[in-house]
Amino acid sequence: MNLYQNSVVLFILVYTIPGCDYLKTKGAEAAVFTLQNKCRNTIWPGILPGSGQIQLMNGGFQLNPGEVVNVTAPKKWSGRFWPRRFCKFDSAGNGQCLTGDCGGKLQCTGAGGAPPATLAEFTLDSPVDYYDVSLVDGYNVRVSIEPLSGTGPTCKPISCLSELNRLCPVGLQVKRNGHVVACKSACLAFNTPEYCCTGAYATPNSCKPTNYSKVFKAVCPTSYSYAYDDPTSTFTCQDGNYLIRFC
Ligand SMILES: *[C@@H]1O[C@H](CO)[C@@H](O)[C@H](O)[C@H]1NC(C)=O
Ligand SMILES: *[C@@H]1O[C@H](CO)[C@@H](O)[C@H](O)[C@H]1NC(C)=O
């Protein structure tokens with residue numbers, strides 16, 4: 001067969017055999033994360049790869065209001081994205097953020113964000129893509145995840161787009177100049193086994209929603225409000241690309 005005939009055979013295989021579908025779109029390729037800043041203020045997204053995974057964008061960058069940036073991740077990548085706010089960095093990328101700071105660096109390169117911060121978490125191709133918005137470490141900025149492609153019964157947009165800072169219970173509030181700029185989780189604020197699902201509360205059966213986690217859940221029903229909130233908070237897509245929106 002010549003090259004042309006080979007192509008024709010491959011074309012027919014890909015487009016007719018069920019299960020060969022994935023060759024049409026992604027195959028062994030990467031996923032694209034589209035990060036969009038719809039807030040009025042600048043956001044400095046932080047990115048922390050899972051253990052053994054590569055850095056994306058060296059772990060952080062500046063995203064101006066209205067700006068959209070595509071970040072490509074290899075197959076099987078896992079990690080988290082979070083918004084940082086009220087940051088100041090010098091030209092060398094040293095400085096600080098009021099919320100979500102990762103050791104005073106623009107590029108987090110392996111450092112996590114200081115809680116409280118809203119997290120967008122991903123585990124790709126295991127064998128499907130798992131994703132969630134987590135408030136387990138608290139909340140700082142509105143975050144949503146929308147699959148731009150991908151398939152599956154729970155391949156759906158999820159969000160925590162309510163201004164939880166305004167609804168944050170006293171005792172969990174982080175303030176700057178009298179304004180609430182972030183909202184701690186009860187675990188972060190009180191560090192007890194009941195709120196953190198540790199010790200005697202270290203199983204899904206023993207660790208139940210609390211009066212604090214219920215506040216989070218009422219406002220953001222598709223987000224993780226405490227450590228064992230899995231059934232209503234984990235979503236999956238086959239071969240997705242994802243829009244991560246701030247505000
Ligand atoms: C970003 O990725 C999305 C989804 O994969 C794609 O539709 C869009 O064209 C890309 N934008 C740029 C500027 O590359
Ligand atoms: C939650 O319950 C604790 C202990 O009963 C109480 O001290 C606290 O005020 C309650 N918080 C909210 C937000 O209801």
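Modeller: Let's take the aromatic rings, then a hairpin. This is a predicted model, where local features need pLDDT of at least 70, side-chain atom pairs count only at pLDDT 80 or more, and totals for chains, interfaces and linings use all residues. Residues are numbered from 1 along each chain as its sequence is written, chains are lettered from A and ligands numbered from 1 in the order in which they are written, and side-chain values use heavy atoms, with hydrogens and water left out.

Colleague: How many aromatic pairs are there?

Modeller: The count is 14, taking Phe, Tyr and Trp rings (the six-membered one for Trp) with centres within 6.5 Å; planes under 30 degrees apart are stacked, over 60 edge-to-face, the rest tilted.

Colleague: Why are W44 and F89 edge-to-face?

Modeller: Because their planes sit at 65 degrees, with the ring centres 6.4 Å apart. W44 is in the loop between β1 (31-37) and β2 (46-49), and F89 is in β5 (residues 85-89), 45 residues away. Strands here are DSSP E runs of at least two residues, numbered from the N terminus.

Colleague: Which residues form the aromatic cluster?

Modeller: F33, W77, F81, F122, Y131, F235 and Y242.

Colleague: Switching topic, how do β11 and β12 pair?

Modeller: Antiparallel, over 4 bridges, with β11 at residues 173-176 and β12 at 179-183; pairing takes at least two DSSP bridges. Q173 stands opposite C183.

Colleague: And which residue has a positive phi in that hairpin?

Modeller: N177, near 50 degrees, in a hairpin with 2 residues between the strands.
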